Each structure stands twice: as structure tokens, then as C-alpha cells.
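Thank you all for coming; I would like to take a few minutes to walk through one model with you. Please have a look at it first, and then I will go through two topics in turn.

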Amino acid sequence: MTLRVYNTMSGKKEEFQSLVPGKVGMYVCGVTVYDYCHIGHARANIVFDIVYRYLQYRNYDVTYVRNYTDVDDKIIARANERGITSQELSEEFIRAFDEDMAALGLRKPTHEPKATEHIAQIITLVEKLIDKGLAYESAGDVYYIVDKFPSYLKLSKRNMEEMQAGARITPGEQKRNPMDFALWKAAKPGEPSWASPWGAGRPGWHIECSAMSSTLLGTTFDIHGGGRDLIFPHHENEIAQSEGASGKLFVKYWLHNGFVNVNQEKMSKSLGNFFTIRDILKSYDPEIVRFFILTAHYRSPIDFSDQNLEESRIGLSRFYEALAQLDKVLAKADTNAEQGGLSDALAEPIERLVQLEERFRSAMDDDFNTALAIGHMFDAVRALNRILAEENNLNGQLQAILGKGRDDLLRLGDVLGLFGSEPAAWLARSAQEGLADAGLSEADIETLIVERRDARANRDFARADQIRDELLAKGVLLLDSPEGTTWKMK
RNA sequence: GGCCCCGUCGCCAAGUGGUAAGGCAGAGGUCUGCAAAAUCUCCAUCACCAGUUCGAAUCUGGUCGGGGCCUCCA
């Protein structure tokens, strides 16, 4: 089986073949650290976290680089507003970013470079572009001459003439051609700056990614990722810079994730309709957010709403319910049970479990189809539940099947960053949520459970049902089992 | 205006030529004192029209509807 990935450059799914067998170099554009991250950032980072994890699962030795853009107009503007330095501001939001990503359960990239730590490489790269006649200095700024790069716009598949018609030179820029973009910007008073052959200044936005990727991954590497909105101009400009300087292919596979929409409209800072990760995590478990994002294909748009997150919560709890049940049943199973045979009725679910990993791989191999992969895992849950219904005559063979099924589910779940919590604990946490809203304490519920238990013991079902109904009215569901009564929020 | 994407069951969502995964919701059965969970059964011909093909949700053309990029943006 081969991995196929959709390459924005070709517009097709292509067979993935890394430059060096067994190794993958991957660069993903990180965030500009001037504010808290929103759910759109969460999606992009989770998507590439999955790419990272899946490649590792496929036994690739992956070098994953994700940068921090810590020098930029917006950072400067925001720092000025708050009366702190750009560095103070960016450090604050780098910390916030790290916290958010950790909360969402992302694996740490191999390298997380900062633009300001690569000024020397940036300057070297700009000099090289000037030497090659691809860039010019103008009043302390340096611009890239897009006309000199023939394949400019090959990624976004645009047309230079039409682009030029709409392009503008913003006041203060010293461009010869409106399409030229800044590699280096002369420092204005009060801005952070570094010495350069063109005077004090700072890097333009695009050049840092070219400099950092070549430093950490080499001139040519396998995968470059980012949100769709980065295709133009950011990635187009990276190509012009990197290929212009090296004369070699920059990136083999370009991967771009789709947007998060709100009410069918793109969510973005400029539209002001965004939700920050930290706000969302006040109401939803991080794993629910991850699950929600992975239930759609990474290139499709997804609509962010409470209803959709709520559905994800219910879907995820189906997995945890099954895992918890599995733990319980296996813990008390008679380990001395004889091997025994398998009834025909269980042939289908057992077959499902046997096929799980292969189906999972086949889904993920098809351009990281997490939605399909999760569908297969739901199938496995149903199969496990069906076998679990044989709880009372679990022979040794069935125990082994259940054990392996659980291990597979957890192992494959981990590739998606899911099911990492202890099932009983996750369910307990889930039960706690909403308790305050219902105006109840755990102790109140326990008291009523005891009262109801006594009523049931006396076969006073009227009183028992009254307690059940009263709690249900407040959103608390009582669950009876041979081991006693527990509860959860509806 | 230019370029591009999308329109699949009440909702979410897979599926790029071979006869519609999965989840939620809903109906009925089993289990349960009653419930819940679980399980079983049922529940879509793919916006519309016209083509290509033995065969199309999947290809082509058109219509309608939604969205994105072209300026900072994951």
C-alpha cells in the first residue's frame, strides 16, 4: 500500500515518495504571535499534527519544522498600543500558543524556529537574491523582482497581467513594480531592527520561511503545509525566493488545509467572527475539539458551531463508553476460562476487528482521510460491543480478541491523537461538566441515589422513579447497573 | 471583473466511472422493576437540466445556489 497525498502544485493526488527513503522533511507555516490563536489555527495545527503522526506511524523518520513569526507589522503595532516591546509581546503569545497546542495534545515539532533568531541567514539569502539579479535595494528596502522568476504564480495558478491590474503600492513602499514584494524593510523610528548591508531594518514576511526551511531542512524538502489562504502570496513568494536562490526544486508536496467557517463564512481576524482556542476549551474538552476537526477531511471546509461540537462530544463518548466497558469486563473476566470455540454469530464482528488496522491504513493512505478512518473505528466499536454482549460466557479466545481489539483501537486512536485518556476518568470528567449549570452538587446527587436505592430495595418504585424524574428534569441521568447506580449529564 | 472550490438522508460527513461508509437524530424489537448504555431491524440514488458510457454522486456542457482567493490572514 502506498501513501497518496493531494499536491496543491499539481492539483492531484500523487504517490508519496520521500526524497530520502525512510526520511521526511516537513515545514509548516506557524503563527504570527500577536494575539491568541483561534479555532482556525487549531485546525491547521491539528491537521499537520496528524500528518506528522501518521508519517511516524508509517515508520518515517520525520523532521518537522514549524516556525514562529515574531517580527511583523502587527506585532509592532500591537506592542505599541500596549506600551511594551515587540519582543515582550511576541514572547507572551509564543507562550500562549505553546499552552494552547499542548492542551490540544499536539506533538512537539522537531524544530520551532523564530524569525528573529535567523536574521543572519535571512540577510545571506537576500544578498544572494540581489547577486543573482532577482532583487533590488531601494531606499533601504529590498524587493524581489517577480518578473525575473518565470514560474511565479505556478502554485496559485494565477495570471500576472490580471494580478497586476489589481495590485497596489501602499504608501511608503519603494517598488518598481506593484507586484514586487519586500524581502527587507528599512527600519522606521521605534521599530525593532537589525544591521544589514542596506542599513538598519527587518525582514519581510515571506523571507523568513525560506531562510529557516533551508537552514533546517535543506534546499529541497518533502512537504510544505499551511492554510489555504497562504497559497498566495506567501507560499508563492517562498517558492520565488527559495528556487530563485538555489535554482533547485523547493518543495515536493504542497499541502493546504481548508478553513473553519462560522455560519458558512470564513472565520478570520479581519472579519472579527473568530473564537479563540482558550474560550472554546472553557466549554469543551480538547479531545472533543480534535475529534470534531478530524471528522471532516482536512481539505474540506468545516462549520464551527455548538451543535457540531456537541455531536462530537456524543460521538467521542461512544468510544470512551465502549473502552470503559471493555476495561471493566476484561478486569473481571475469568482468566482461566477454557479456550473454547467461537459462535457463528460473532464471525462478522470478529472479522471487522481483524480488518480494522488495514482499513484504517487504507483510509489514511488516501490523503489522510481521517473522517473515513474514524468511520472504521466506529465499526470496530460496534463489533467490540457485540462481543461484549457475550460478557457472561467469555472464553479465553474471546478475551484475547477483545484485548487485541482494544489495543488496536487505542494504538490507532493514538495516531489521530485520540482516546489517550483513561476511559473511566474521561467519562467521570464528562459527567462533571454541566453540573454547576444544573444547580446541583455531586453530594446532592449521591444523597438522592442512596435514597432511591433504599426505595428500590423496598420495591417502592413510585418513589424511585420520582427521584429519577426529578434529576432528569435537571439534566442528570441515573444509570443502574449490578454494581450500583452512577449518573451522568444528559 | 479574473481564477478556484463546493452543493450527498432532518443534521454532520465519507465516497472521482461499477451500482450510496460512519456518527447524531427518528421508528420498532431485545435487555431493564422503569430507565440509560449496548445490540438488532428500518430509514437517501447524490441541487436541477442535457449529454458521454454497457454503466455516473463520480466525466462533459449548461442552469440555480453557497463559499474562497486576487490586501494581513491557518
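This is a predicted model: local features need pLDDT of at least 70, side-chain atom pairs count only at pLDDT 80 or more; totals for chains, interfaces and linings use all residues.

**The RNA surface and a helix pair**

If we sort the residues of the surface near RNA strand B by class, we find 17 nonpolar, 19 polar and 18 charged. In total, 54 residues surround RNA strand B, and the closest are Arg158, Glu162, Trp205, Gly227 and Asp465. Which helix gives the largest share of that surface? It is helix α12, residues 370-388, which contributes eight residues.

Turning to the RNA side, sugar or phosphate accounts for 64% of the atoms of RNA strand B within 4 Å of the protein, and the rest belong to bases.

My second topic is the pair formed by helix α15, residues 442-457, and helix α16, residues 461-473, whose axes come within 8 Å and cross at roughly 155 degrees. Because of that angle, α15 is roughly antiparallel to α16, and their crossing is left-handed. The contact is made by residues including Ile445, Leu448 and Arg452 of α15, and Phe461, Ile467 and Leu471 of α16. By class, this contact has seven nonpolar and five charged residues, with no polar ones.

Technical notes:
Residues are numbered from 1 along each chain as its sequence is written. Chains are lettered from A and ligands numbered from 1 in the order in which they are written. Side-chain values use heavy atoms; hydrogens and water are left out. Axes are lines fitted to C-alpha atoms, for helices over the stretch in contact, and angles run from 0 to 180 degrees between N-to-C directions. Helices (H or I, at least four residues) and strands (E, at least two) are DSSP runs, numbered from the N terminus. Angles under 35 degrees count as roughly parallel, over 145 as roughly antiparallel, 65 to 115 as roughly perpendicular and the rest as oblique. A crossing is left-handed if the near helix is turned anticlockwise from the far one by less than a right angle, and right-handed if clockwise. Contact means heavy atoms within 4.5 Å. Ala, Val, Leu, Ile, Met, Phe, Trp, Tyr, Cys and Pro count as nonpolar, Asp, Glu, Lys and Arg as charged, and the others, Gly among them, as polar. A residue is near a molecule or strand if one of its heavy atoms lies within 4 Å of it.
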